Amino acid sequence: MNRSPNHTPANRRPASLVTVLAGLLGLAAVGCGGSLPPPNDQLAASQAAIRAAEEVGAKSDPQAMLHLKLAREQMEKAKALMEAEDNEAAQRVLQRAEADAELALAIAKQRATEAEAEEAMAQVEKLEQAGVAAPDEEEAPEGEAQ
């Protein structure tokens with residue numbers, strides 16, 4: 001048997017133990033370093049977008065209400081993901097929630113603008129029927145000197 005001092009089992013144990021410990025520390029570092037912090041800013045942005053959509057009247061339009069409902073559901077799902085410390089997935093879901101809330105806001109604003117335009121057109125028609133000319137249509141009657 002040719003046993004050199006470097007090949008004894010006693011000398012191998014510390015090297016194996018050091019290797020195992022280094023590997024475990026490496027895995028722990030990857031596990032801790034790989035997670036994102038909670039997306040609190042994105043959560044606040046999503047909540048603000050939902051509030052804005054509600055204030056503009058998204059609840060009164062069926063299409064806007066659908067997107068508002070989706071935004072709320074996604075925000076609740078994101079909160080659950082944050083509690084489970086799946087912050088990366090929570091971030092993505094919150095971005096979708098914010099996008100849906102912004103779409104609800106845009107739809108509500110569009111509907112409000114369309115309603116205002118229809119009301120203005122109805123007023124113009126009333127004035128025309130009453131014989132009041134629009135400002136750009138006012139001209140001196142024929143035959144009168146200016």
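Guide: What follows is a set of questions about terms, each answered by setting a value against a cut-off.

Visitor: What kind of model is this, and how many helices and strands are there in the protein chain?

Guide: The model is predicted. The protein chain has 4 helices and 0 strands, and its elements run α-α-α-α from the N terminus on.

Visitor: How do you know where confidence is lowest and where it is highest in the protein chain?

Guide: By the mean pLDDT, which is the predictor's confidence on a scale from 0 to 100. Helix 1 has the lowest mean, 51, and helix 3 has the highest, 97. Over the protein chain the average is 81, and 67% of the residues score at least 70. Where pLDDT is low, the predicted coordinates should not be read in detail.

Visitor: Why is P39 called buried?

Guide: Buried means under 20% relative accessible area. P39 has a relative accessibility of 6%, so P39 counts as buried. In the protein chain, 21% of the 146 residues count as buried.

Visitor: Where is P39, and which residues does P39 touch?

Guide: P39 lies in the loop between helix 1 (9-33) and helix 2 (40-56). Leaving out residues up to four places away in sequence, P39 touches M82, N87, A90, Q91 and L94. P39 and Q91 are 52 residues apart along the chain, with 5.7 Å between their C-alpha atoms.

Visitor: What makes N40 partly exposed?

Guide: N40 has 46%, so N40 is partly exposed. N40 is in helix 2. The C-alpha atoms of N40 and K79 are 9.8 Å apart, while the two residues are 39 apart in sequence.

Visitor: Is E85 buried or exposed, and why?

Guide: Exposed means over 50% relative accessible area. The value for E85 is 65%, so E85 is exposed. E85 is found in the loop between helix 3 and helix 4.

Visitor: What is the phi of E85?

Guide: Most residues other than glycine have a negative phi. E85 is not a glycine, yet its phi is positive, about 65°.

Visitor: Why are helix 3 and helix 4 called roughly antiparallel?

Guide: Two packed helices are described by the angle between their axes and the distance between the axes. The axes of helix 3 (residues 62-83) and helix 4 (residues 87-129) come within 8 Å and cross at roughly 160°. Angles over 145 degrees count as roughly antiparallel, so helix 3 is roughly antiparallel to helix 4. Their contact has 18 nonpolar, 4 polar and 4 charged residues. The crossing of helix 3 and helix 4 is left-handed.

Visitor: What makes helix 2 and helix 4 roughly parallel?

Guide: The axes of helix 2 and helix 4 come within 8 Å and cross at roughly 20°. Angles under 35 degrees count as roughly parallel, so helix 2 and helix 4 are roughly parallel to each other. The crossing of helix 2 and helix 4 is also left-handed.

Visitor: Which residues meet where helix 2 touches helix 4?

Guide: Those in helix 2 include Q42, L43 and A45, and those in helix 4 include Q91, L94 and Q95. By class, the contact of helix 2 with helix 4 has 13 nonpolar, 4 polar and 3 charged residues.

Key. Residues are numbered from 1 along each chain as its sequence is written. This is a predicted model: local features need pLDDT of at least 70, side-chain atom pairs count only at pLDDT 80 or more; totals for chains, interfaces and linings use all residues. Side-chain values use heavy atoms; hydrogens and water are left out. Helices (H or I, at least four residues) and strands (E, at least two) are DSSP runs, numbered from the N terminus. Buried means under 20% relative accessible area, exposed over 50%, partly exposed in between (1.4 Å probe, protein chains only). Contact means heavy atoms within 4.5 Å. Axes are lines fitted to C-alpha atoms, for helices over the stretch in contact, and angles run from 0 to 180 degrees between N-to-C directions. Angles under 35 degrees count as roughly parallel, over 145 as roughly antiparallel, 65 to 115 as roughly perpendicular and the rest as oblique. A crossing is left-handed if the near helix is turned anticlockwise from the far one by less than a right angle, and right-handed if clockwise. Ala, Val, Leu, Ile, Met, Phe, Trp, Tyr, Cys and Pro count as nonpolar, Asp, Glu, Lys and Arg as charged, and the others, Gly among them, as polar.
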